[in-house]
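Visitor: I am new to this structure. Please show me how to read it, feature by feature.

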Amino acid sequence: MTIYDEQNIFARIIRGEIPAQRIYEDAATIALMAAMPQCDGHALVFPKAASRNLLDIDPEVLAATMRTAQRIARAAMQAFAADGVNVMQFNEAAAGQTVFHTHVHVIPRHTGTPLKRHANEMAAPDALAQHAAAYRQALASMGDA
């Protein structure tokens with residue numbers, strides 16, 4: 001197993017070294033907008049505790065991460081009037097993982113609308129800010145702000 005890299009982008013976001021459009025945060029997890037989204041509303045959920053992926057994460061931290069992923073998936077359905085939602089998680093490069101800190105993709109889906117390629121194109125900052133605001137509004141209306 002490869003060692004955890006303390007300089008990965010999510011570790012740096014957790015430490016406040018890199019800005020991000022945060023949607024939700026609690027004692028154990030953070031949810032934010034994906035900088036390279038596959039569609040409008042593509043969010044990422046990750047634990048504050050260091051782990052590379054599903055293969056080495058503490059089960060309690062994984063449970064907290066998935067609780068937040070569920071909360072964000074519910075908000076995605078509402079905020080983006082989605083027909084469905086993908087919740088995906090990748091483990092190691094061969095499986096498509098590009099940032100080696102455990103994280104879950106929450107992707108609102110609309111029937112007949114294909115996704116963009118993964119980790120391909122940066123989104124406009126103002127669009128990410130608008131999408132984050134839509135999530136926060138949905139969470140507030142659900143009592144999860």
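Guide: Start with the elements. This is a predicted model. The protein chain has three helices and five strands.

Visitor: Which pattern does the protein chain follow along the sequence?

Guide: Read along the sequence, the pattern is α-β-β-β-α-β-β-α.

Visitor: What does the radius of gyration say about the protein chain?

Guide: Compare the value with the one for a compact globule. For 145 residues, such a globule would have a radius of gyration near 15 Å. The protein chain has 14 Å, so the two agree. A box along the principal axes gives another view. The C-alpha atoms fill roughly 40 × 30 × 25 Å.

Visitor: What share of the residues is buried?

Guide: Buried residues make up 39% of the 145 in the protein chain. The accessible surface comes to about 7500 Å². Carbon and sulfur atoms hold 55% of that surface.

Visitor: How many positive and negative side chains are there?

Guide: There are 12 positive and 14 negative side chains. The centres of the two sets lie 3 Å apart.

Visitor: Now the strands. Which strands pair with strand 3?

Guide: Look for bridges, and for the sense of the pairing. Strand 2, residues 29-33, pairs with strand 3 in the antiparallel sense over five bridges. In that pairing, isoleucine 30 stands opposite phenylalanine 46. Strand 5, residues 104-109, also pairs with strand 3 in the antiparallel sense, over three bridges. There, alanine 43 stands opposite valine 106.

Visitor: Where do the side chains of strand 3 point?

Guide: First the general idea. In a regular strand, side chains alternate between the two faces of the sheet. Now the case here. Ala43, Val45 and Pro47 point one way from strand 3. Leu44 and Phe46 point the other way.

Visitor: Are those residues buried or exposed?

Guide: All of them are buried, whichever way they point. Strand 3 spans residues 43-47, and five of its five residues are buried.

Visitor: How is strand 1 joined to strand 2?

Guide: A hairpin joins them through three residues. Strand 1 covers residues 22-25 and pairs with strand 2 in the antiparallel sense over three bridges. Arginine 22 stands opposite leucine 32 in strand 2.

Visitor: Which residues is tyrosine 4 in contact with?

Guide: Leave aside neighbours within four places in sequence. Tyrosine 4 is then in contact with Ala11, Ala50, Ser51, Arg52, Phe100 and His101. Tyrosine 4 and arginine 52 are 48 residues apart in sequence, yet 5.5 Å apart in space, C-alpha to C-alpha. Tyrosine 4 sits in the segment before helix 1.

Visitor: Why does tyrosine 4 count as buried?

Guide: Buried means under 20% relative accessible area. Tyrosine 4 has 17%, so it counts as buried.

Visitor: Where is alanine 76 found, and what does it touch?

Guide: Alanine 76 is found in helix 2. At 0% relative accessibility, alanine 76 counts as buried. Residues up to four places away in sequence are again not counted. Alanine 76 then touches Ala81, Ala82, Val85, Val106, Pro108 and Tyr135.

Visitor: What is phi of glutamate 92?

Guide: Phi of glutamate 92 is near 80°, a positive value in a residue other than glycine. Glutamate 92 is found in the loop between strand 4 and strand 5.

Terms used
Residues numbered from 1 in each chain as written. Predicted model: local features only at pLDDT ≥ 70, side-chain atom pairs only at ≥ 80, totals over all residues. Heavy atoms only, no water. Buried < 20%, exposed > 50% of the residue type's maximum accessible area, 1.4 Å probe, protein only. Helix = DSSP H or I, 4+ residues; strand = E, 2+ residues; numbered from the N terminus. Pairing = 2+ DSSP bridges. Rg over C-alpha atoms; globule rule 2.2 N^0.38 Å. Areas by Shrake-Rupley, 256 points an atom, 1.4 Å probe, with all protein chains shown as cover. Lys, Arg positive; Asp, Glu negative; His and termini not counted. Charge placed at Lys NZ, Arg CZ, Asp CG, Glu CD. Contact = heavy atoms within 4.5 Å.
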